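Colleague: I would like to learn how to read this model. Please take me through the main features one by one.

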Amino acid sequence: MPKKFLIRVPASTANLGPGFDALGAALSLHLVLTATLTPKVATTITYTGPTPCSTVPLHPFLNMITRTAIYLATAHNTTLPRMALHIANPIPLGRGLGSSGAAVVGGLVLANLACGLGLDKARLLDHCIAFEGHPDNVAASLFGGAVAGLMVRDVRQVHVDLCKWESDVEELAAADAEGAGPVPPVPALEAGPIGLHVRVPVSEAIRCVVVVPRFELSTKLARSVLPETYSRPDVVFNLSRTAVLVAALGAATPNPVIIREAMRDRVHQYYRRSLVPGMSDVLEMADVEGLLGVCVSGSGPTAIAFATAGFEEIGAKMRTIFGKAVGADGEGSTAGGSRQDP
Ligand SMILES: Nc1ncnc2c1ncn2[C@@H]1O[C@H](COP(=O)(O)OP(=O)(O)O)[C@@H](O)[C@H]1O
Ligand SMILES: N[C@@H](CCOP(=O)(O)O)C(=O)O
């Protein structure tokens, strides 16, 4: 019997407003990987998913999932076994719903299983953070539910080294059609813990409404517009709101006045909103029955509302505001749970 693995990884919404690079929540939309080991046949990748903009490469060195898996195998002095991999990905790319975080988590879990590495999730989180540079989206996708994460160490250097390794591997793909050739040595990751996380309890009453604009916004670009330093009032603005938000989300009956104010942010949304026509107005939305608050999902361009009722009306209002800003209707209002992921 060929060895087969099925891996499901949830999409995520990161930051939740003020918790930049710290808070995240899994969403009920899943990347599904089906891998069948094929020792005698070269690795093949097939992909299905709504990708109206970017296309997903199918070479093992170019595809983010297999490249990440190859990294983890190489880091443990072994080789990723040959396989037939099918990627079913409903998570829209480059929209702030954690597609890259889910791909990294999926790739690491795939290598951990296929190579029999036996790493625990805490160590997988360390490797995820080395790829993404922040723990929020990957911790949500790895552990499910809503999470708060932190980095024990500064991983900027290993993140830069890993980006360089990824581009070296991509260059190799041009010369090696099968992608089974020698892999350059990977940057060493120091012993953990590098990342720590805790679960954030969220009221059973809270659901998410997301409106996904029709264009991609890469996380890299959305991070490049952020300043290097912040003023003390802005830092205190976000610290106080993050602390209040984390406590307020768990209340059995969520308080809309508190949550609305606690979801405001001065660290990233202020700088990113000009990249997304209509976002400023969507963030100011109020007075809809059941609405708790609205924020940018991850690095955008998606907007996400937390609500206890009125989901259709909230989605319609968000679409209308986006539509007015771009002169056309926004895309796909979807109600989805931010509750614990299985
Ligand atoms: N399932 C996948 N398979 C391969 N590559 C993926 C997959 N999901 C995401 N990616 C890569 O990640 C990029 C998007 O990452 P990013 O800019 O961080 O946006 P997002 O907010 O969606 O995470 C895509 O353009 C693609 O290169
Ligand atoms: N904290 C990060 C989160 C990026 O999430 P993504 O879903 O856009 O990949 C950021 O805000 O840059």
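Modeller: Start with a definition. Helices (H or I, at least four residues) and strands (E, at least two) are DSSP runs, numbered from the N terminus. This is a predicted model: local features need pLDDT of at least 70, side-chain atom pairs count only at pLDDT 80 or more, and totals for chains, interfaces and linings use all residues. Residues are numbered from 1 along each chain as its sequence is written, while chains are lettered from A and ligands numbered from 1 in the order in which they are written.

Colleague: Which element gives the largest share of the shell around ligand 1?

Modeller: A residue is near a molecule if its C-beta atom, placed from the backbone, lies within 6 Å of it. Here 22 residues surround ligand 1, and the closest are M64, S99, S100, A103 and T219. Two or more residues come from each of α1 (64–75) and α2 (99–114). The largest share is that of α2, with four residues.

Colleague: Where does ligand 1 lie relative to the domains?

Modeller: Domain bounds come from an automatic or database domain assignment. The chain is divided into domain 1 (4–195) and domain 2 (202–336). Ligand 1 lies between them, because both give residues to its shell. Their C-alpha centres are 26 Å apart.

Colleague: How many residues of domain 1 are in contact with domain 2?

Modeller: Contact means C-beta atoms, placed from the backbone, within 7 Å. By that rule, 26 residues of domain 1 touch 29 residues of domain 2. On the domain 1 side, β1 (4–14), β2 (23–37) and β5 (146–151) give two or more residues each. β2 gives the most, four residues.

Colleague: Is strand β8 mostly covered or exposed?

Modeller: Buried means 20 or more other C-beta atoms within 10 Å of the residue's own, exposed 12 or fewer, partly exposed in between; C-beta atoms are placed from the backbone. Strand β8 (residues 291–296) is mostly covered, with six of six residues buried.

Colleague: In which sense do β8 and β9 pair?

Modeller: Strands pair if DSSP finds at least two bridges between them. β8 and β9 (residues 303–307) are antiparallel, over five bridges. V296 stands opposite A303 in β9. Six residues lie between the strands of this hairpin, where G298 takes a positive phi near 55°.

How values were computed
Contact = placed C-beta atoms within 7 Å.
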